[in-house]
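My notes follow in the order I looked things up.

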Amino acid sequence: MKTSFLLNDLKSHPDKLLKDHLFNVGKYCRESLSTKKLNIEKYLDLDTFQDVAYLIGVTHDFGKATSYFQKYITEKDETKKAKLKNKPETHHGYFSSIFTYYAIREYLQTKNLLDKNYYENLPIIGFLAVKRHHGNLQSADDEVIDFDENKQEILEKQIKSIDFDEVKRIYNELSIFNVNLEDIRLKFERSYEYRDYRRNLNGSGGVKVVTKKYLGLWKDFRDDGKLVEEYLSEEHSLFYYFITLLLYSLLLDADKTDAANLEKIKRIDINENIVDEYKELKFSGKEDKNKKINEMRNAIYEEVISNVNCIDLDKDKILSLNVPTGTGKTLTALSFALKLRKRIESERDYKPRIIYSLPFLSIIDQNFAVFEDVFETVNKEKPTSDVLLKHHHLSDVIYTRKEDEFENVDKDTGKDLLLIEGWNSEIVVTTFIQFFYSLISNRNRAIRKIHNITNSIVILDEVQAIPHKYWLLLNKTMIFFAELFNTYFIFITATQPLIFDETKKEISPLVGNKRKYFDSLNRVKLITNLESVCLEDFKEILKKDLMQNANKDVLVVLNTIKSSKDIYDFVKGLNIRNVALYYLSTNIIPKERLIRIKKIKEKSATRSIIVSTQLIEAGVDIDADIVYRDFAPLDSINQVSGRCNRNFGDKRGIVKLFILREDKDGRAYYPHTIYGSFIISKTKEVFKEIGKEEIEEMEFLKLNENYFEKVNIGKSEDESNSILEKVEKLKFSELSDFKLIEKDYPEVDAFIELDDNAKRIWQKYKEIKSIDDLRERKKRFLGIKKEFYEYVISVDKKYAKGFREGEIGHVSQEELKNYYDPDTGFKRDDAGCGTLIF
């Protein structure tokens, strides 16, 4: 039965007409794309590409015109509505995607482009984007053959339930161009007979002919799908992958923006000299206690900034800032990016966003606070979210706008989340997980921000944290992305991995002679001991050193939580007087970790002894006189050395490296699950080749270069090649193989009720869980999410007795003594002796 709903009755959402929604989404897709400067001329005409984006937008909800969907969206009774929602005939994604496919085909046909290279696959790409605009992208080869008798029956019902005359009136209002809707209607309604030859199973050896009736569109998709699969197998190009991501991102953002009635965020100018002004206000005329290191910081800053007008905007899209630890890379990179942004805006007529990405949560807050201080010091007010935004899974779900500063605006958490996750800000500070899982992904929420990464300046800090098995993958994808989408990447690190080859001009250094900076530093001496030491013997060495160096701040970095807790308990048992003793690891709730890091950074006359796992290494701005490090890859050793005599004190710092074992016959504490045997072996090789136990800081650069050369020569490229093949063939479903963090054991989350505030939050959480409406439940949880996860730790599943899959464990205040030590956190060894609730 055809729908009886008229043009002005058809709805896309309870409060929105279908024709208005389609128009808004199509317009948004086209306008967003028109602001981008893309280098796609050798593949596609830009105007045609914008038309295709518009077509995807105005056809993406075509399937909502069925009577099935209209009955669902207008139903007032929630019980009836829930039943209608679950009916397959109500679902609109698949039906809409087929319409999108034919609309793009018809459009390209009228322009005589359908058989042209690169254009011929646009209908399938549009189909993929629309089919999964309420889910995650699936592999192209699976999607085009995803058609069975059950789906045919549903499609036939949906086709019969649509009044095409009404649909034509909608699209006439939308001025849909060069598309013959009557031809599309006929394609929907035509059918053909298909003969299926099957061998008889009765032993006669004959063949049974079964004649089936199929919708004509099935044949179109089957034939087109085969051509696409063959083409992708032969092409070996990243073009289709990134074009699919861009079109999908535009559609997702446009759809969510209009559905939520969000106002488009206005772009904001930022003073490109703000860091210069900050440095003048913050440091000028003050006594310089760290004169030597500050002179180097200023020299590096001036050299990098002088290169803003020297780089070739067409060729130099991947840049490096490779200078020693503690030499001001964060502020230098921000200032360079702001000045480069101004130059691009002036010369290329677009305004890049700046995305600052780091590997560890422990340094996100630290570096965000630095950026915030820059704006607050110069502008005398905190920056709003449309200027400076922090985004990771624990960040606040609060979005502020400059234009709302002097108005009382009712906050809508759901809308705020959409703006945050879409990276609607001039400067975004985020994690590697958020950034790279947008670049290599099939996930809706991750890909949605791709159009805002396009045309941006991306600063990747501490890039040595990227696993070597992905170097080739990131080399190929980032070079292609940079060129296709006019995006600039700045790699900043003290230990630069060989992801890009400087000799092949793949990466351009912002510091001409980095060696002079490394050679002039002599802040620390690295003492290596490549003979293994059992933990009990190490304790005696540590005890002796602590007593002999009574005025020195000490940092001890271990590889495992177990060994770190053991050493902390040992040092605590020494009862050293006038010492501030700190323990840091992921065994401690995040809230307490941040409090401890802040206290450590607040230098006082009291001596500090810090026992930590490797979370303290990269970027955490602390300073110790003596550092002890369990054996690790060279880049980790170099990073922890950067926490020693960071500000060039009068006396050189000492970094002592040990290979620790649990006991004399036990295995080392650098298990392969943490670092992998390959990079550990390469680290040992470079230390053996240097031929001495004591290594000066000025020798670190040569040591690092030798190490990364060995890693580059010996690394396997199998995983990179495997993922590249999946990317090229649009096998989106299989991209979950890309994992920056490998988990060797299953973990569960536990909420630790450490204080009265935690008790209050847990009570709120229980109240929210009892809400029946899923959408309301999610919205309410967003309001407490940041505070909630400040008390959550991840625990090895074997320690979580009574765990129920999919739920968060809860340790009440009454149970704390059984499960959580105030100093070292979760009691792994004793876990199970209480009643941990899951």
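**Salt bridges**

I searched the whole structure, a predicted model, and the search returned 46 salt bridges. I then took some of the pairs one by one.

I started with Arg169 and Glu166. Their side chains form a salt bridge at 2.4 Å, N to O. Both residues sit in helix α9, residues 164-173. They are three residues apart there, so about one helical turn separates them. Glu166 is buried, at 6% relative accessible area. Arg169 is partly exposed, at 41%.

Next I looked up Asp545. Its side chain meets that of Lys656 in a salt bridge, 2.7 Å from N to O. I noted Asp545 as buried, because its relative accessible area of 9% falls under the 20% cut-off.

Lys726 lies in helix α29 (residues 718-728), while Asp737 lies in the loop between α29 and β19 (747-752). The two are 11 residues apart. Lys726 counts as buried at 12% relative accessibility. Asp737 counts as partly exposed at 39%.

I also looked for shared partners. Lys682, Glu685, Glu689 and Lys710 are joined into one network by such salt bridges.

**A charged patch**

Which residues form the negative surface patch? I found Asp77, Glu78, Asp772, Asp773 and Glu776. Asp772 is in the loop between α30 (756-769) and α31 (774-782). Its relative accessible area is 76%, so I logged Asp772 as exposed.

How many of the residues of helix α6 are buried? I counted 10 of the 10, across residues 122-131, so the helix is largely enclosed by the rest of the structure. The buried residues include Pro123, Gly126, Phe127 and Lys131.

I moved on to Ser139, in the loop between α6 and α7 (140-143). Ser139 is buried at 1% relative accessibility. A polar atom of the Ser139 side chain lies 3.4 Å from the backbone nitrogen of Phe732.

Then I went to the loop between α5 (93-110) and α6, where Tyr118 is found. Tyr118 counts as buried at 13% relative accessibility.

For context, most residues other than glycine have a negative phi. Asn575 lies in the loop between α24 (561-573) and β14 (579-584). Is Asn575 buried or exposed? I have Asn575 down as exposed, with a relative accessible area of 62%.

**Strand β8**

Where does the side chain of Thr431 reach? I traced the contact to the backbone nitrogen of Gln434, at 3.1 Å. Thr431 itself is in strand β8 (residues 427-431). Thr431 is buried, with a relative accessible area of 7%.

**C-alpha distances**

Ser736 is placed in the loop between α29 and β19. I computed 9.3 Å between the C-alpha atoms of Ser736 and Tyr437, which are 299 residues apart along the chain. Ser736 is partly exposed, at 47% relative accessibility.

Gln152 is in helix α8 (residues 149-160). From C-alpha to C-alpha, Gln152 and Leu217 are 9.9 Å apart, with 65 residues separating them in sequence. Gln152 counts as buried at 8% relative accessibility.

Methods. Residues are numbered from 1 along each chain as its sequence is written. This is a predicted model: local features need pLDDT of at least 70, side-chain atom pairs count only at pLDDT 80 or more; totals for chains, interfaces and linings use all residues. Side-chain values use heavy atoms; hydrogens and water are left out. A salt bridge is a side-chain nitrogen of Lys or Arg within 4 Å of a carboxyl oxygen of Asp or Glu. Helices (H or I, at least four residues) and strands (E, at least two) are DSSP runs, numbered from the N terminus. Buried means under 20% relative accessible area, exposed over 50%, partly exposed in between (1.4 Å probe, protein chains only). Patches are made of residues with over 30% relative accessible area and no salt bridge: like charges are joined within 9 Å, nonpolar side chains (Val, Leu, Ile, Met, Phe, Trp, Tyr) within 5 Å. Accessible areas come from the Shrake-Rupley method with a 1.4 Å probe; for residues, only the protein chains shown count as cover. Lys and Arg count as positive and Asp and Glu as negative; His and the chain ends are not counted. The place of a charge is taken as NZ of Lys, CZ of Arg, CG of Asp or CD of Glu. A polar contact is a pair of N or O atoms within 3.5 Å; within protein, one must be able to donate a hydrogen and the other to accept it, and residues adjacent in sequence count only if both atoms are side-chain atoms.
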